[in-house]
Amino acid sequence: MRAGLLLFFAITRLAVADVLPWQAPLSQMPLRAPVAELNRSNCVDLMLHAFRSNDVVKALIFMPGATDEFYMFRRAQAVVTNETPTLLDAVSALTNQTRIRVTFRPPYLLLHSDEDPLEPLFEIRDEATAIKIRQAQPVPHALYDDRDWDFLLPILKKASRVKFWPLEGRAESFHFYRHSFAAWNLDGWEMLEAVSLAGKTKFMVEKSRVVFEGDERVRELPKF
């Protein structure tokens, strides 16, 4: 009997250890509508709207490799079997049935493919400006579904209190990926990182301004 109890507790401890820190909060976030399949017409919208404020994950980010699986390759679709699915169910379905992967890089939960670099690329050329951005008031809630640079530009200016380049309508931003992420209470610096990860860009912090450029890094070539 005692040996059986010890085995039970050992198995229980292993099961708890296998639960990653981001999974518990996502399991409490229901999708806003019943769904049997996640696909290019509903997945990103459903998952971003389901993401709620919590103490572990501050942003849910669809990286360019993940959105390409839906919109360019048109091959990502996943069956959801739960009658009342949660955001965790949706993440599990995608990562088990498609080429989309999930990585928790605190405080961001990244949905990505094997080609996406998982670390933001930046350079601080003026420390005073970087400090000013970090001390900016947090953005209470952000939800951007397939938004371009021109849409995000005024939001970044307000959040970070500095100037940005490229300016609105400039050709330099035309090759930036469109941005799909939801977030709660990101500070000015976290907003820069989230935009960088979602749009496959890098940024340089200069005196009183931030310059964004395309990020040419690729971890792996996409599989066609």
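This section describes strand order and helix packing in a predicted model. Local features require pLDDT of at least 70, side-chain atom pairs count only at pLDDT 80 or more, and totals for chains, interfaces and linings use all residues. Residues are numbered from 1 along each chain as its sequence is written, and side-chain values use heavy atoms, with hydrogens and water left out.

Four strands form an open sheet in the order E6-E10-E11-E8, with mixed pairing (strands are DSSP E runs of at least two residues, numbered from the N terminus; two strands pair if DSSP finds at least two bridges between them). Strands E6 (121-124) and E8 (163-165) are the edges; each has a single partner strand, so one side of each lacks a neighbour in the sheet. The twist averages 15 degrees from one strand to the next. E6 runs parallel to E10 (residues 201-206), joined by four bridges. Glu123 has Met204 of E10 as its bridge partner.

Helix H8 packs on this sheet and touches E6, E8, E10 and E11 (contact: heavy atoms within 4.5 Å; helices: DSSP H or I runs of at least four residues). The direction of H8 makes about 150 degrees with that of E10 (angles run from 0 to 180 degrees between N-to-C directions, with axes fitted to C-alpha atoms, for helices over the stretch in contact).

H8 (residues 188-199) also meets H6 (residues 127-134): their axes come within 6 Å and cross at roughly 95 degrees. The two helices are therefore roughly perpendicular (65 to 115 degrees). Ala130, Ile133 and Arg134 of H6 contact Gly188, Trp189 and Leu192 of H8.

How values were computed
Angles under 35 degrees count as roughly parallel, over 145 as roughly antiparallel, 65 to 115 as roughly perpendicular and the rest as oblique.
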